[in-house]
Amino acid sequence: MSGTTRREFLGTAAAAGGGVALVTPERASAENGSAPQTVAVLGGGVAGLTAAHELAERGFRVTVYERKALGGKARSMDVPGSATSGRSPLPGEHGFRFIPGIYHNLPDTMRRIPFPGNPGGVHDNLVAPKEMLFARSGGREDIRIPLPWPDTTPAELTPDEIRRALTAVLDTAFNLPLHEALYFANRLLVFLTSCDQRRDTVWERTPWWDFVRAGRMSYDYQRVLAVGITRNIVATKAEEASTRTVGTLLEAFAFNLLGRGADGPLDRILNAPTNEAWIDPWVTYLKSLGAEFRVGWTVRDLTLEAGAIAGAVVEDSSGVRRTVTADHYISAMPVEHARRTWNSAVRAADPQLAECDRLETDWMTGIQFYLTERTPIVHGHLDLIDSPWSLTAIAQAQHWPGRDFPADYGDGTVADCLSVDVSEWDRPGILYGKTAKQCTRTEVAREVWAQLKASLNDSGRTVLRDSVLHSWFLDPAVDGLGTPYPVNDEQLLIHPVGTFHHRPRSATRIPNLFLAGDYVAVPIDLATMEGANSSARQAVNALLDRSGSTARRCTVTPLYRAPELEPLRRHDRTRYLLGLPNAFDIG
């Protein structure tokens, strides 16, 4: 499919529908029958687009203001100057997409975005990798794990059955010593049976490293179950990460693995570059509902009059400052950008905004390597357990069956895209002995490539060869590398102990200001696209309540918890109130 045809194909998404029922917007007018109410959505990432989606389907007049590009950190982007002879540019991205089966709210939104030929909308563009690989360095055997979608569940979901199932997975998948697999399974059981009060206090104050007693365990236990989980998934350090956050995520994954309470398979990715498979059709659909977009417009300030937001001061795409007005405002920017727009008057109107200053962000950034040959590493995600920079990766061309590499992209010689996430930017590498932030962009690329080869080429076969490396693309949000002042314009919220209680609610004390973003308090308690989507739904519901709208409310589906364990959680609440440990917490 040529680049031109592909774009025309995507442009028909809203019109064709693909079997998805098109929504007739509900009327969202004032009680006196006046024109529909207006909403300024400040930020066009997953949170902002979700808010626009829910509001536009309810008849509100929505305008989205986005400073950089629609889709935010979830978007894919064209590699400048990479296309020749009418082909599409090579696809770059902030980081590869991962949409696990534990998500419910984001998949619901995806099902409601029309895509030609897809009865289930863009959700039908999700595919399930067949396996994942934990690659070791130093000649140690790599760990390849198949990812079947379970057809059966344990006969009884009792604590003993859960412990046995988790121990079997850990023992078989990671070749851990049996006593360590048993211990970790029991620690998970402690969390699964902990009441909310214990989670919100004790476990929120306990680092994951301490909770799983990593200091007492083997190197493999530490790298896989302590460092690997927190650095590669939560993008924070095991010694700092909140057990509440990590445990909440693993609880959902554990039941997903057991075939319980999930939207689909454990691991899902898109079958094309993100903008093609999801973001572009989404924007097309929202435009069909009347939503408007102002891209290249940066929010600078919010003005407060008589206790309400009177306008948003923005800098338009030509650099001119102006004030835009609406009936309601949804701040849908990442926290590090949103809090810059909250002046002292706005903060004084709602103290929870000032609490957001205590939230922390860190670097988790993508780099893509374009190869002239397909690279048969693994049909799914790759985790380089021993890499100093905590690398995860995926070879993408094999998952994009409708995209013709090399005919459709670049200069006609690129056959694969190896997309890598760098989660650790402050540890020395193996090539230059410098941290990623101390390296230049070229040195970062060479260092990541060296760490990939160190893990993949150490078991008697050469998986990656320098001769097949065509080019690379490092996220342009990272700048100043190799200087004393490196910056990352698109950081990721992290979850050190105690920070959950600084996360704000979607409804503020300012009657026409609402918050959406992965930093807002939501059930998933993790900086994810699911969190961004859930927070936007919460913000829209709060807006509907404040405006007196009779429109249906958004559904916000929490992460799955096994009902069979509820009696144990109630029992634990009694023990917590008595100052006793969890019944399974044997030290």
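The largest nonpolar core of this predicted model has 56 residues. A nonpolar core here is a set of buried Ala, Val, Leu, Ile, Met, Phe, Trp, Tyr and Cys residues joined through side-chain atoms within 4.5 Å. Buried means under 20% relative accessible area, exposed means over 50%, and partly exposed lies in between, with a 1.4 Å probe and protein chains only. The residues with the most contacts inside this core are Leu55, Leu106, Met110, Trp278, Leu286, Phe293 and Ile330. The elements that give two or more residues to the core are E1, H3, E2, helix H4 (105-111), helix H10 (243-257), helix H11 (274-288) and H16. The largest share, eight residues, comes from H16. These labels denote DSSP runs, numbered from the N terminus: helices (H or I) have at least four residues and strands (E) at least two.

Leucine 55 illustrates the packing. Not counting residues up to four places away in sequence, leucine 55 touches Val39, Val41, Phe60, Val62, Ile330, Val540 and Leu543, where contact means heavy atoms within 4.5 Å. A second, separate core has 39 residues, among them Ile162, Leu166, Leu225 and Val227.

Before I continue, a note on conventions. Residues are numbered from 1 along each chain as its sequence is written, and side-chain values use heavy atoms, with hydrogens and water left out. As this is a predicted model, local features need pLDDT of at least 70 and side-chain atom pairs count only at pLDDT 80 or more, while totals for chains, interfaces and linings use all residues.

I turn to the sheet. Five strands form an open, parallel sheet in the order E9-E2-E1-E13-E23; two strands pair if DSSP finds at least two bridges between them. Strand E9 (292-295) and strand E23 (513-515) stand at the edges with a single partner strand each, so one side of each has no neighbour in the sheet. On average, neighbouring strands are turned by 20° against each other, direction ignored. Within this sheet, E1 (residues 38-42) and E2 (residues 61-66) pair in the parallel sense over five bridges, and valine 41 has valine 64 in E2 as its bridge partner. Helix H16 packs on the sheet, touching E1, strand E13 (328-331) and E23, and its direction makes about 160° with that of E23. For these angles, axes are lines fitted to C-alpha atoms, for helices over the stretch in contact, and values run from 0 to 180 degrees between N-to-C directions.

There is also antiparallel pairing. Strands E10 (residues 298-305) and E11 (residues 308-315) are joined by seven bridges in the antiparallel sense, with glutamate 305 opposite alanine 308. Their hairpin has two residues between the strands, and alanine 306 takes a positive phi near 55° there. Most residues other than glycine have a negative phi. E11 is in turn joined to strand E12 (residues 321-324) by four antiparallel bridges. That hairpin has five residues between its strands, and glycine 319 in the turn has a positive phi of about 90°.

Next, the charged residues. The structure holds 35 salt bridges, each defined as a side-chain nitrogen of Lys or Arg within 4 Å of a carboxyl oxygen of Asp or Glu. Which parts of the chain does the pair of arginine 537 and glutamate 54 link? Arginine 537 is in helix H16 (residues 529-547) and glutamate 54 is in helix H3 (residues 46-56), 483 residues apart. Their side chains meet at 4.0 Å, N to O, and both residues are buried. Glutamate 315 forms a salt bridge with arginine 321, also with 4.0 Å between the closest N and O atoms. Glutamate 315 is partly exposed, at 23% relative accessible area, whereas arginine 321 counts as exposed at 53%. Elsewhere, shared partners join Glu54, Glu57, Arg58, Asp108, Arg112, Arg537 and Arg552 into one network of salt bridges.

Aspartate 525 has a positive phi of about 50° although it is not a glycine, and at 0% relative accessibility it counts as buried.
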